Amino acid sequence: GRWEYDNYVQSSENSSDFDLDNNPDTPYDNVTWGNGTFRHFTRSLNDWAASLGLNFALTPTLALYASGSRGYKMPALDEFLGPQSQGQVDVFESRTVQSTEAGAKYASGPVGATVNGFFTQLKNQTSQGSVVDSTTGRTTWIITPNADNRSYGAEFELFVNPITALQLRGSATWLRAELGKGAGADIGQRLTGIPASIGNLSATYNAGPVRLLGDWHYVAKRVQNLATNTGLPAYNYFNFGAGYTL
């Protein structure tokens, strides 16, 4: 486990528009520059991380397991440079990740397999950036808390050693990533850019000084526009290699 306490103190100079040369006929009439006054903000944050795992052997070849973890990431110092008020600073929280997983493991002779289900949440996400007013042309810095993200699904992994020198391995993951708490009417809406499934197959052959390997990877379609169900198409690729030890 881990516990952390941080105290952010910010002192940033305010800015105003200046006529740098006191000449209205030049383009230097409204130049934004520091005006010698400062804004002072503070933000105190504390958070903790921990993990716990359990493993129970039902038989010499079959075991059940479960694990849970909680992690966090404090805001970076750069994220506090833009805010113009204490209220904007107070929006920032440490990002937290909560993850749980449970499944079964089997191993007997040349075969091993694992199957599990998982659930993960990402909370306290905050976005920020500058927005230009189309009427006045002035730039305003906005800070917006985002909805939580969550994903759940299942994984399967298989190991096979048909002969001593050859190892075969395959894995597949099915998941759904969606908006969580804070999304309002959109809660449960699928997140864009995340594939619903991925898969891998690999083979490794070792015989004396010779090593051969190959693998295949698959990534399902990643939807970018939910209304039209369009996005990046599914793809797959192969890797091959060979080695000889002198």
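One term before the first stop: buried means under 20% relative accessible area, exposed means over 50%, and partly exposed is in between (1.4 Å probe, protein chains only). This is a predicted model, in which local features need pLDDT of at least 70 and side-chain atom pairs count only at pLDDT 80 or more, while totals for chains, interfaces and linings use all residues. Residues are numbered from 1 along each chain as its sequence is written, and side-chain values use heavy atoms, with hydrogens and water left out.

**Stop 1: two asparagines**

Select N229, which sits in the loop between strand 12 (222-225) and strand 13 (230-232). Strands here (E, at least two residues) and helices (H or I, at least four) are DSSP runs, numbered from the N terminus. N229 is partly exposed, at 45% relative accessible area, and its phi is positive, near 55 degrees, although the residue is not glycine. Most residues other than glycine have a negative phi.

Now jump to N22, in the loop between strand 1 (2-18) and strand 2 (31-57). N22 also has a positive phi, of about 55 degrees, and is exposed, with a relative accessible area of 67%.

**Stop 2: the sheet**

Show the cartoon next. In what order do the 10 strands of the open sheet run? The order is 1-2-3-4-5-8-9-10-11-14, with antiparallel pairing; two strands pair if DSSP finds at least two bridges between them. Strand 1 and strand 14 (235-244) are at the edges with a single partner strand each, so one side of each has no neighbour in the sheet. On average, neighbouring strands are turned by 15 degrees against each other, direction ignored; the axes are lines fitted to C-alpha atoms, for helices over the stretch in contact, with angles from 0 to 180 degrees between N-to-C directions.

For a closer look, select 62-73 and 95-108: these are strand 3 and strand 4, antiparallel over 12 bridges. L62 has Y106 of strand 4 as its bridge partner.

**Stop 3: aromatic rings**

The whole structure holds six aromatic pairs, where rings of Phe, Tyr and Trp (its six-membered ring) pair if their centres lie within 6.5 Å; planes under 30 degrees apart count as stacked, over 60 as edge-to-face and the rest as tilted. Start with W3 and Y5: with centres 6.5 Å apart and planes at 15 degrees, the pair is stacked. W3 is exposed at 57%, and Y5 is partly exposed at 45%. F238 and F240 are stacked too, 6.0 Å centre to centre with 5 degrees between the planes. Then select Y8, F80 and F92, a cluster linked by ring pairs.

**Stop 4: salt bridges**

There are six salt bridges, each a side-chain nitrogen of Lys or Arg within 4 Å of a carboxyl oxygen of Asp or Glu. Select R43 and E93, whose closest N and O atoms are 3.2 Å apart. R43 belongs to strand 2 and E93 to the loop between helix 1 (86-90) and strand 4, so the pair ties together parts 50 residues apart in sequence. Is R43 buried or exposed? R43 is buried, at 13%, whereas E93 is partly exposed, at 37%.

Finish at R150, R176 and E178, which form a salt-bridge network.
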